[in-house]
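Hi everyone, thanks for making the time this morning. I'd like to walk you through a structure, so let me put it up on the screen.

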Amino acid sequence: VDRDGAVALYAAMLRSRTLDDFVEERLAAGDAAPHFHSGTGQEALTVGAALALTARDKLLYTHRGYGQLLARGLPLSALLRDLLCRTGGTNDGFGSVLHVHAPELGLPGREGVFGTRFTIGAGLALAERLAGSEAVVLCFYGEAAGSRGPLYEALNLAVLWALPLVLVAENNGFSVSSRTGSLYPRGRMSAVWRGFGIPVAEVDGNDAEEVWSAVSDAVGHAREGRGPAIVEGLTYRVAPHIPGDREAEYREPWEARGWARRDPLAGLAARLEDRGWLTAEARAELARGLRAEVEEAWRDAVAAPPPGRPELEARLELLR
Amino acid sequence: MNTRSALNAVLRSELARDPRLVLLGENLHTGGSNNSLVCGGLLEAFGPRRVFETPVSENAIVGGALGLALSGTPVVAEIYSADFLFTAGNEIVNDIPKWRFQHGGPARLPLVLRAANGAGAGGAGPEHSQCMERYLHGVPGLAVVTPGGAADAAGLLRTAIRSGRPSVFLEHRRVYDLEEAVPDDPDFAIPFGQAARVRDGEDLLIVAWGGMRALALDAAEALEAAGIDCGVLDLRTVAPLDVDGLLEAAEGARAVLIAEEGPRTGGVGAEIAATLAEQLGTTRPIARVAAADVPHPYDPVLEARLLPDVARIVARAQLLCRPEAATTHR
């Protein structure tokens with residue numbers, strides 16, 4: 001990863017973190033942010049993978065970690081309008097932040113029941129192939145989606161037809177309250193797929209540069225027409241599944257604190273400083289600017305109206 | 001031309017017309033599902049970049065079809081038997097019909113799921129014989145197409161392919177071999193949500209769709225011989241339901257009989273009866289002929305006793321129109 005690339009990774013990760021921190025402050029202050037899922041601590045994986053794509057590629061995002069969306073160029077104001085279910089975002093308040101729809105940014109949307117992203121991704125990848133494009137489809141997935149059968153069917157098809165599909169497994173230790181190790185043999189989400197004879201890489205999901213490099217290799221493999229590839233990033237969900245879940249029933253407080261010491265932002269910041277690529281002062285200035293951007297976007301979203309009759313009519317017209 | 005050939009001809013002409021249209025399905029190099037055999041010769045004619053033979057993977061077929069359609073690639077996917085639609089039930093009930101409502105796009109979702117539906121010659125057992133429209137007609141955002149003859153099948157399939165709205169296209173097994181003239185206009189299409197008055201009559205209206213259309217027409221003939229003037233309305237698409245057409249036809253008759261092949265409880269017929277009662281009041285007698293609420297037996301003799309046939313439609317119609325004369329009937 002060169003200097004520009006590394007600084008871009010840091011800036012995009014900090015953008016995601018700034019957003020998560022701000023929303024958590026608003027929640028603590030009593031504001032509502034329906035369906036908010038903090039991606040704190042997982043930014044290296046979400047951002048590192050998303051930035052390995054080019055503008056023409058497509059990305060199927062997960063509910064956790066808005067760095068995926070921001071790295072594709074989704075404006076903060078659109079994201080927050082979606083989060084607050086207001087008009088003027090990407091879905092006019094009908095899909096919340098769970099169904100962000102920005103096809104011009106390579107973001108087709110997200111399935112509502114975990115698991116069909118893989119087969120939808122295979123179809124998107126086939127469409128790119130038929131159109132003669134070199135685009136690839138990157139599909140993030142967590143423990144829940146990866147436990148479901150469509151993953152097998154999609155991967156089998158992608159191998160048979162050499163589809164340009166890249167899967168990024170976000171192994172963050174949990175599916176809601178269940179441990180990854182209780183859901184997958186030996187706690188690994190991708191090892192079984194080595195049986196397909198495709199590239200399966202396992203990386204430190206808290207090291208953005210390592211993630212970026214591995215996903216870039218996987219994307220290159222798919223783009224060359226050699227079929228699917230998988231990267232599994234090992235990380236940890238520092239946040240609860242949703243704000244206010246019964247965290248004490250499934251983990252000890254020291255566990256998340258221990259992982260906070262491996263914070264991906266702090267790690268990258270230290271390396272960038274060592275290399276003389278980004279000083280502490282520059283980081284602080286970046287943080288101030290992002291904070292101001294997020295605050296401005298929040299004010300914009302809060303002021304935006306929720307959907308009304310005209311938006312509903314437009315939706316119904318789509319279905320007729 | 002029979003319905004099977006008519007459907008094949010539409011797929012052929014639409015594949016030739018739209019170079020982006022693709023087919024997905026199992027066993028396509030030998031004509032696709034043995035329950036349908038609609039896709040004969042299409043792989044040979046259009047090649048493997050248009051006609052994709054898949055593994056037995058309904059999640060991948062239906063989810064993949066959604067991914068293609070989201071990219072603007074029109075797709076017709078064949079499911080081996082309509083009973084198997086439930087193997088991709090989440091995609092069919094959740095992903096496909098709700099996608100555009102939640103996301104606000106794309107403007108078109110050109111996706112057709114074709115499947116052989118209903119009981120054919122009999123004896124296929126409880127998971128290869130069902131009429132699946134009863135499970136899908138109340139899902140907002142999904143069209144459910146139930147042609148009863150070759151011309152309707154051709155015209156409705158063309159609409160399904162070109163309309164840009166997702167549909168489940170249910171081809172009744174007994175309808176495949178029905179012969180009928182089919183317009184050779186390459187743009188011949190029948191809009192969704194337009195029921196057809198396939199026979200006029202004032203004493204009784206039989207409401208039917210799919211495989212029941214032919215039985216309803218045969219029953220109407222028999223009833224005419226018995227002095228009952230019987231009309232038949234073919235819904236053609238159970239979703240969208242042609243409510244105006246249904247009410248208009250019902251208003252022209254003294255009684256309404258709904259003929260459904262599937263089980264009585266919670267069927268399409270229940271929705272039709274409720275609509276009639278709500279909109280027209282209860283002064284006009286309404287009745288249903290439907291299957292008993294049990295799974296299809298493999299044994300063809302037992303199965304025949306389960307399913308509504310011409311004799312049962314006639315008997316129920318006589319009871320409905322002339323209760324005083326029909327007391328000897330069960």
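**Loops, sheets and cavities**

Let me begin in a loop: B:Pro106 sits between helix H4 (89-103) and S4 of chain B, where helices (H or I, at least four residues) and strands (E, at least two) are DSSP runs, numbered from the N terminus. Before I go on, a word on the ground rules: this is a predicted model, in which local features need pLDDT of at least 70 and side-chain atom pairs count only at pLDDT 80 or more, while totals for chains, interfaces and linings use all residues. Residues are numbered from 1 along each chain as its sequence is written, chains are lettered from A and ligands numbered from 1 in the order in which they are written, and side-chain values use heavy atoms, with hydrogens and water left out.

Back to that proline. The peptide bond that joins B:Gly105 and B:Pro106 is cis, with omega at about 0°. Chain B also has a cis bond between B:Ala239 and B:Pro240, again with omega of about 0°. B:Pro240 belongs to the loop between S10 and helix H8 (243-251) of chain B. Over in chain A, please look at A:His35, a residue other than glycine with a positive phi, near 65°. You'll find A:His35 in the loop that runs between helix H1 (3-28) and helix H2 (43-50) of chain A. Why point these out? Most peptide bonds are trans, and most residues other than glycine have a negative phi.

Now for chain B as a whole. Its secondary structure comprises eleven helices and twelve strands. The C-alpha trace of chain B spans about 65 × 45 × 35 Å along its principal axes. Its radius of gyration is 20 Å, which agrees with the value near 20 Å for a compact globule of 330 residues; the radius is taken over C-alpha atoms, and the globule rule is 2.2 Å times the number of residues to the power 0.38.

In what order do the strands of the open seven-stranded sheet in chain B run? The order is S2-S1-S3-S4-S6-S5-S10, with mixed pairing; two strands pair if DSSP finds at least two bridges between them. At the edges are strand S2 (51-54) and strand S10 (237-239) of chain B, each pairing on one side only. On average, neighbouring strands of this sheet are turned by 20° against each other, direction ignored; the axes here are lines fitted to C-alpha atoms, for helices over the stretch in contact, and angles run from 0 to 180 degrees between N-to-C directions.

Within that sheet, strand S3 (residues 75-79) and strand S4 (residues 111-117) of chain B are a parallel pair with five bridges. Opposite B:Ala115 in S4(B) stands B:Ile79. Helix H6 (residues 150-163) of chain B lies across S3, S4, strand S5 (143-145), strand S6 (167-172) and S10 of chain B, at about 160° to S6(B); contact here means heavy atoms within 4.5 Å.

Let's turn to chain A, with twelve helices and seven strands. The radius of gyration of chain A is 19 Å, close to the 20 Å from the globule rule for 320 residues, so chain A is as compact as a globular protein of that length. Its C-alpha trace spans about 60 × 50 × 45 Å along the principal axes.

Chain A has an open sheet of five strands in the order S1-S2-S3-S7-S6, with parallel pairing. Strand S1 (58-60) and strand S6 (200-204) of chain A are at the edges with a single partner strand each, so one side of each is left without a neighbour in the sheet. Strand S2 (residues 137-141) and strand S3 (residues 165-171) of chain A share five bridges in the parallel sense, and A:Phe140 is opposite A:Val168 in S3(A). H5(A) lies across S1, S2 and S3 of chain A, running at about 170° to S2(A).

That helix brings me to the last topic, the cavities. How many cavities of 30 Å³ or more does a search of the whole structure find? It finds three. A cavity is a set of points, on a 1 Å grid over the protein atoms alone, where a 1.4 Å probe fits but cannot get out, and lining residues have an atom within 4 Å of a point. Grid points are joined across faces, edges and corners, and a volume is the space filled by probe spheres set on the points.

The largest cavity has a volume of about 60 Å³, and its lining includes B:Cys131, B:His172, B:Trp209 and B:Glu261. Thanks, everyone!

How values were computed: On a 1 Å grid over the protein atoms alone, a cavity is a set of points where a 1.4 Å probe fits but cannot get out, and a pocket is an open set with protein on both sides within 12 Å along at least five of seven lines; lining residues have an atom within 4 Å of a point.
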